[in-house]
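Subject: Structure handover

Hello,

Here is the structure I promised to pass on. My notes on it follow below.

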Amino acid sequence: MPESVKWKEEITKRLEGLRLAPAREAEIVEELVEHLDDQYELLLARGSTEAEARRITLEGLSGSELLAELASVERSVKPEPLGALSPEPLGALSKDLRYALRMLRRSPGFTALAVLSLALGIGGNAAMFSVLSAVLIRPLPYPDSARLVRAANDGYYPPGGLVDLQRESRTMDVAGFNAGIDLNLTGQGDAWRLEGTSVSANLFDVLGAGVALGRGLRPGDDQPGQDDLVILSHAVWRDKFSGDPAIIGRVIALGGVGRQVIGVMPPSFAFPDDATEFWIPLHLDPRDTAAHWARGFMPVIARLRAGTTLEQAQHEIQSLTHHMIRLFPYPMGRDWNAAVTVIPLRQFMVSNVRLKLIVLQCAIGLVLLIACVNVASLLLARAASRQKEMALRAALGASRGRILRQLLTESVTLALAGGALGIALASAAFSLLKVALGVDMAGLSSVRMGWQVVLFVSVLSVLTGLAFGLAPALSASRHDLAATIKTGGQRSAGAARGRVRSVLIIGEVALAVVLAVSAGLLIKSLWMLARVNPGFEAEQVLTVRVSPNQSLCRERAACIALFNELLRRTADIPGVHDVAAANTLPMAADIPAVPVVVEGHPYVPAEHVADMFWAGAVTPPYFRLMRIPILAGRAFTDSDAEKSAPVVIVSAAMARRYWPGQNPIGKHVRPVFAAEWRAVVGVAGDVRQYDLANHSPDYINGAIYMPYPQSVTNERQLPAAMTLIVRTGADAADLPGRIRGLVKDLNPDVPVSEIRTLESLVTDSTRQSRSMTWLFIVFAGAALALAAIGTYGVVSYSTAQRTFEIGVRVALGASRRNIFGLVLAQSLRLVIAGLAVGIITSLALTRMLAAFLYDTAATDPMIFFAICGVLVAVALLAGYVPARRAAGIDPLNALRVD
Amino acid sequence: MRPVEPGAFDREIKKGSAELLILSLVEVRARHGYDISRLIEERSKGTLCFRVASLYPMLYRLEKRGWIRGRWVEKTGQRRRRYYRLTEQGREVLASQRRGWQVFVEAINRITEAEHA
């Protein structure tokens, strides 16, 4: 029947907008088609023409009445099936989403608070993830880098030892390198100081690193006579040689020696760190016994050979090292390198930041957790106020699953918004983190926030959304319809939900306490550091590195004369109060260590390694200029010259340690490689040589100072590179330029570098502590704010719920003060419960911070008490407004509520 | 013959009485939608006329409320049709609506007749 087809078409078209379940739609269409058929037949039977009958029949469908009526009937009663069962899940999702956005827009305060809390948590975690992925997850930029290892637990070997390891090892291909080979580049405009590393010829092969230009080192390139070669970093090639490809094969003057450029590394190559500007071969000459076995102790790395395990390599290096002791041409202590082992190179490179990473990750994780708890608590409160809405929706036929999905959509939407804002925050947090972890951290400088972060944040957002949305959603969807509708959603909220919120808030406060205590401890530690007396006065002191080639000092007199003249001329510059020179500055990071034999302390070479000392080489005004007190004896004078009787000044700590209760003046020490004893003529006050917190490496046993003309390095040379130290008047802006000019006049091949104030050195040494403290202050501040908001939310909500009860109390004679106290006590109870949990947790957790604390116990009672005070203030603050409101309740109004 | 287009007053009356009409028609025996619409039109002599677009949504609504119940019935030689019958709940509603309607009509009558008397 052709008409039926037409009716069906017309009806189906009208039902399109309804999105009915297909079965239901077919049913309706069938029923209506039959009706229209019958009507049409009747009209024909009564004498209408076909066209007339058709027109009249279709009139019954005209207008939007059918759609509107069916929409209200079908939709209000029967919800679409859920999730996977839904024929159009995406349609339902977009509907949920639109609804969620509408609901969130309707309460902008709540939305802003929730999104901000989450952004803080998610942003921090995204930043942390970028760092973590770079440091702990992303492999080192070398092929098969998991097989790269490094000798650890000391693990420093002389050139002869390296050669022995290379020859004897069956489990590894061993390479050595010696960082901190700074050499002058001359003949290219102004003389320039470059930072370099000397490496064994196989180092690039062991790493698996290729050159960008030219060739790498080959076997034999580290043999004497063939080792005047250099490989440049990409940056030096670009900046100093204008990226000229013809550089390969050219001979350049480096450290006063001609070296042939054989290669240029790619820009990404940064071994051992990204400050390295060139690589030269190690000088391995077995005929020079002293150089081969007694100097240039260096770290070694290796690549595990195919089929060998880390454990095998660890056993092997132990036994090889033990047997190596016999090879030394002088009696080497039996305890030398006794605990040596090999560990994965990556593990070694992150060992110094590992703990910091863990601590920061924990802290940032806590912030996210607090944010989630806070949002969950906010959602719970909202769920309570939306109870009537939910009950109505349920009454209209929405299933529990349907409501759950709607609420979860809302919380995931919140989380995604938080995530988006979080990414913006993350890039800010990221730069702060980089500073906190130390910029020289392996691979960190090249870390970017990439797609992984976006992915991570998205996943985290959704998980967070589900996590904090679940409890409130469950709570909101489980309700007693009749009770809710009858009471208008006011008092049926139930004690259970109140308890859940209280527990959440107690947890939140506890977490905030942990962060606040951590921040407090770090602040105190920083405060203690700031009050440390470094042992010298850094104000108004300018320092300039002046570094002639070591070859200039082959004639000691030449170097001595150069610096004498430079000091004399510098002293003449107006505004200069005092000037001295030293081989190193306190807190400048390089450690001029020399093995020293101390009189009265028998040194048995075959038993022990000689004690290492911080060995300063200074000109006479050094102590006066630095305001380092001479506690006994005398300072150096100009008569302590090259040929006069050798003398030293020792640090007070060294004197106490080696000659307790004795007069150190007149005692003697000598470098282990020198025969002549040096007499102690003075005792200088202790100086924080390494950093303010005095984290000197374990192997440093004290400090000695030698007069510059008599001084000696571990390489048995006069130090060539010295730092000019100038105490100036107020105005010394042009001083660096004038000193540069003086040096250039004296010797144009001597570069001047590292111009800075002594104060900046001191400040820099606490930079990481400061940034870490700042991070914790931010975390703790955010946590406390969130906890306060959470507490306020719970207390003010429960006060609103108790309006009736409070009305009764007032009616029965409770005073305003009683009511005020009642509400405030509730806030205090919550916070104090959280405080108790938090303090106990802190006692357990802050031990992790101990490594970052200076002169501050991880359980410092002062900080714990202070935090208790802060939290009580938070409780009073959070409870004050609701308490005021409660005290103002008019019993007549309150009792009339229902 | 064309159904008369009811005026505004008729529409209001119809709306208020539509449920009552439908419930009454399925009180004694089950009927399908077209049957119901035809009976209303015939018995009112064309004064009352339900469009398809309003009749069926109303049937569905009554069904959802549980006042009537529809069932597909197949008779030999005919296509299957959906028949609606009154439920127990519907019976109570109908009784109450009838009383209300009678009260209303009597009241209207008293007022309008008094004016003519």
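**The loop around G535(A)**

G535(A) sits in the loop between α17 (495-530) and β12 (541-546) of chain A. Helices here are DSSP runs of H or I with at least four residues, strands are runs of E with at least two, and both are numbered from the N terminus. The model is a predicted one: local features need pLDDT of at least 70, side-chain atom pairs count only at pLDDT 80 or more, and totals for chains, interfaces and linings use all residues. Residues are numbered from 1 along each chain as its sequence is written, while chains are lettered from A and ligands numbered from 1 in the order in which they are written.

G535(A) counts as partly exposed because 19 other C-beta atoms lie within 10 Å. The cut-offs: 20 or more other C-beta atoms within 10 Å means buried, 12 or fewer means exposed, and in between is partly exposed, with C-beta atoms placed from the backbone. Leaving aside neighbours within four places in sequence, G535(A) is in contact with I628(A), G685(A), D686(A), V687(A) and R688(A). Contact means that the C-beta atoms, placed from the backbone, lie within 7 Å. M626(A) is 91 residues away from G535(A) along the chain, yet their C-alpha atoms are separated by 8.7 Å.

Q540(A) is in the loop between α17 and β12 of chain A. Its phi is near 60 degrees, a positive value in a residue other than glycine. Q540(A) is partly exposed, with 15 C-beta neighbours inside 10 Å.

**Other backbone points**

E754(A) also deserves a look. Its phi is positive, about 50 degrees, although it is not a glycine. E754(A) belongs to strand β22 (residues 752-757) of chain A. It is partly exposed, having 16 other C-beta atoms within 10 Å.

The peptide bond from F271(A) to P272(A) is cis, with omega near -5 degrees. P272(A) lies in the loop between β8 (257-264) and β9 of chain A.

**Strand β9(A)**

Strand β9 (residues 278-281) of chain A is covered on both faces. F278(A) and I280(A) are buried on one side, W279(A) and P281(A) on the other. In a regular strand the side chains alternate between the two faces of the sheet.

Which strands pair with β9(A)? Strand β6 (residues 229-232) of chain A pairs with β9(A) in the antiparallel sense, over two bridges. I231(A) stands opposite W279(A). Pairing requires that DSSP finds at least two bridges between the strands.

**Cores and overall numbers for chain A**

Chain A has 27 helices and 22 strands. Of its 898 residues, 42% are buried. Among contacts with a separation of 6 or more, 83% join residues 24 or more positions apart.

The largest nonpolar core has 167 residues. A nonpolar core is a set of buried Ala, Val, Leu, Ile, Met, Phe, Trp, Tyr and Cys residues joined through C-beta atoms within 7 Å. V367(A), V509(A), A512(A), L515(A), I704(A) and A783(A) touch the most other members. Helix α12 (residues 345-385) of chain A gives the largest share, 19 residues. The core lies between domain 3 (351-531 + 767-895) and domain 4 (548-750) of chain A, because both give residues to it. Domain bounds come from an automatic or database domain assignment.

Leaving aside neighbours within four places in sequence, L515(A) is in contact with A363(A), L366(A), F776(A), F779(A), A780(A) and A783(A). Apart from this core lies another, of 53 residues, with F177(A), L183(A), V236(A) and V300(A) among them.

**Chain B and its contact with chain A**

15 residues of chain B are in contact with 17 residues of chain A. On the chain B side, α2 (33-43), α3 (52-64) and β3 (81-86) each give two or more residues. The largest share, eight residues, comes from α3(B).

Three strands of chain B form an open antiparallel sheet in the order β1-β3-β2. R31(B) stands opposite Y84(B) in β3(B).

**Confidence**

Chain A averages a pLDDT of 83, and 90% of the residues score at least 70. pLDDT is the predictor's confidence in each residue, from 0 to 100. Over residues 77-88 of chain A it stays under 50. Residues 488-493 of chain A are also below 50. Where pLDDT is low, the predicted coordinates should not be read in detail.

Best wishes

How values were computed
Two residues are in contact if their C-beta atoms, placed from the backbone, lie within 7 Å.
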